[in-house]
Each structure stands twice: as C-alpha cells, then as structure tokens.
Amino acid sequence: MLNEFWFILIAVLFIGYFILEGFDYGVGMLYPLVSHNDHERRMAINTIGPLWSGNEVWLITAGGALFAAFPFWYATLFSGFYLALVLMLVGLIFRGVAIEYRSKMATERWHRTWDILLRTGSFLPALLWGVAFANLLQGVPINAQMNDVGGFWSLLTPYTILGGVLSLLLFLAQGASFLTLKTTGTLRTASLRLAKSLLTSVLIVALAFGIWTANLPTVDHRSIYLLLTGLGWISLFAARWIIAKRQQWGFLLQSLMIALSTAGFFIALFPHVMISSVSPRDDLTIYNAAANPYTLHVMTIVALTMVPIVLAYQVWTYWVFRKRITPQEHLEY
C-alpha cells in the first residue's frame, strides 16, 4: 500500500502547490495591467510578497517526495523534460529576485527592468506546468531502459499547448481573484473586472481540454476522470457567476476547480506515472518506478511527522497576513 500512499501524497502536494502558487503566478503576470501607477503596482506585489516563498515549499516537498519515493520516475522525467524544467527554474529565479529587489531603488528604469523579469518569471512556469502534465497523459517516447528519447520540441503538440494555455489562463484568473480579496479601491475594481473576463476564457478552454483528454486512449479510470472534471467545470462556472458579489466564494470555487482537475489528472494516470508512446511495456508505473519498501516505510514516518508541520506553518502565515493592502499602508516590497 505504500506505493499507492506516496502516489496520493504527491498528488496532494501538487494540488496544494497549484492552488497557492497559482495566484502567485497570476499576480506576477497581470499586476501591471490592473494598476494605474507604481504605488498600485507595489500594492499588488505586496499581496504575495510575504507568501510566495512559503508557497514554493509545496514544490520543494513534492520534488523531494518524487525523488525519494519514485526515483526512476524522477530520473526519466527530469532527463526527458530537461530544457523545459531549466526554463521553469530560470523563471522561478527571476520571479523571486524581482519580488525582493524591485523596491530597492526608485528609478523608473529599475522598476521597468524588474517588472519584465517578474512577468517573464511568472509566465514561464504557469505555461510549462500545463505542457508538462499534458505530456504525462499523452505519452512520451520512453524506451525499455526508461530513457526519454524525445527532445524539447517533441513536448510541444496541439494537445500539450492547449494544456499550457489552460494552466496559464487558470492561474491568471486565480491571481486576479486573489487581488480582489487583498486590495482596495481602483486596483480591486480593475482586478474584479479582469477576473470575470478571464473566467469566461478559462471555461471555454477547460471544456475543450477536458473533452480532448477524455478521448485519449491512454486515460485510465475514465468515468472517475469525467466526474471530477465535470465537477471542476461546474465549480468554475459557479465562480464566474458569483464572483461579482462574493469574491471569497469565487476564489474558493476556483481553488476547488484546480484541486478537482489535478486530482482528475492523477486518477487518469494511475497506476502509471509516465506513459510510453513507444510501447506499453515501457510504461513507468508506481510499482516499477518506486524505491524499495524499506525506503518507502522510513519516508512514510517522516512524512506523517513533517507534513502536518508544513500545513500548520501555512495556516499561520495566511492568518498573519490576512488583511487587505490599502494605499495608506507601509509597503515593504
């Protein structure tokens, strides 16, 4: 049962990461579009400034769990998706440095430079996560030695690009909704208007991607996938309908959609972790890609001890920084 437990835990970690980092990416991409001056841009950045580094703990934890529990999955994934993951890492570095350094000087050129890096650093992972996950379901050219023999350009197909567009739009909408919860005045008004427009686009793309995915021959547990995807689409529709009057519910319903969609992805993949487009015999599963039972046993003890601590830290952080950012407030970032 430990193989199944760690597959589920990795899915839960990615759900937490996409929900929390999703609005981080969204704010980082759209804050110049909803702000009217540099002070409002700083207000927008300050909504995620105290939170972004803690949110990335979920990615670090998921990557560590992947490496320790399923080392062959980790090795094949990181070697085959090497260039895409490097681009993602560069984007994450740009984003973190830009958030911390943008406010260190007051010149327009300085701010413009870091704005470009922050938007680029948010755009790259928001797009590439969707591309990467779509490839896992579509299948990649893995041989009998568990090597991905494709290149970077083989990762880009109409289906995977649509997956990237979906994750990009979803994170943009999540970011706009988050700004409606954390800001006031004209910044909040502009964010709400943009959130409604983005949710309409996400609804269309999510429906197209869900139907396409359901018709892939590689999808397992199709009925459960359709159920979760359908519930996610309904949650997104409800978010679009209610966000004008209840921004909190709009944000929560979008988060539910991300959770249901990610869970649906892992259900569609199970028990595989990577599907070979060369031969079904070369598929990686939670059994042939896993570490030995003793390693999984020790890791389970560590996870059951540390994950509650991570959750408690996140809850405490969001409680401390729960208030809205006002124009009169001291801005650190």
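The model is predicted: local features need pLDDT of at least 70, side-chain atom pairs count only at pLDDT 80 or more, and totals for chains, interfaces and linings use all residues. Residues are numbered from 1 along each chain as its sequence is written, and side-chain values use heavy atoms, with hydrogens and water left out. The chain has twelve helices and two strands. Buried residues make up 53% of its 333 residues.

**Overall fold**

- Helices (H or I, at least four residues) and strands (E, at least two) are DSSP runs, numbered from the N terminus.
- From the N terminus on, the elements run α-α-α-α-α-α-α-α-α-α-α-β-β-α.
- The radius of gyration of the chain is 20 Å, which agrees with the value near 20 Å for a compact globule of 333 residues. This radius is taken over C-alpha atoms, and the globule rule is 2.2 Å times the number of residues to the power 0.38.
- Along the principal axes, the C-alpha atoms fill a box of roughly 60 × 35 × 35 Å.
- Among contacts (heavy atoms within 4.5 Å) between residues at least 6 apart in sequence, 81% join residues at least 24 apart.

**Surface and charge**

- The chain exposes about 15,200 Å², and carbon and sulfur atoms supply 71% of this area. Accessible areas come from the Shrake-Rupley method with a 1.4 Å probe; for residues, only the protein chains shown count as cover.
- A residue is buried under 20% relative accessible area, exposed over 50%, and partly exposed in between (1.4 Å probe, protein chains only).
- There are 20 positive and 15 negative side chains, and the centres of the two sets lie 13 Å apart. Lys and Arg count as positive and Asp and Glu as negative, while His and the chain ends are not counted. The place of a charge is taken as NZ of Lys, CZ of Arg, CG of Asp or CD of Glu.

**Aromatic rings**

- A search of the whole structure finds 30 aromatic pairs. Rings of Phe, Tyr and Trp (its six-membered ring) pair if their centres lie within 6.5 Å; planes under 30 degrees apart count as stacked, over 60 as edge-to-face and the rest as tilted.
- Tyr17 and Phe18 form a tilted pair, at 5.6 Å centre to centre and 50° between the planes. Tyr17 counts as buried because its relative accessibility is 0%, and Phe18 counts as buried at 7%.
- Phe265 and Phe266 form an edge-to-face pair, at 5.1 Å centre to centre and 85° between the planes. Both Phe265 and Phe266 are buried.
- Ring pairs link a cluster that includes Tyr17, Phe18, Trp129, Phe265, Phe266 and Phe270.

**Backbone features in loops**

- A cis peptide bond, with omega about 5°, joins Phe270 and Pro271. Pro271 is in the loop between α11 (247-269) and β1 (272-274).
- Met146 is a residue other than glycine with a positive phi, near 60°. Met146 is in the loop between α7 (108-138) and α8 (158-182), and it is partly exposed at 23% relative accessibility.
- His221, also not a glycine, has a positive phi near 50°. His221 lies in the loop between α9 (185-214) and α10 (222-242), and its relative accessible area of 36% makes it partly exposed.

**Tyr318**

- Tyr318 is found in helix α12 (residues 293-320) and is partly exposed, with 23% relative accessibility.
- Leaving aside neighbours within four places in sequence, Tyr318 is in contact with Leu20, Phe23, Leu51 and Asn55.
- Tyr318 and Leu51 are 267 residues apart in sequence and 7.7 Å apart in space, C-alpha to C-alpha.
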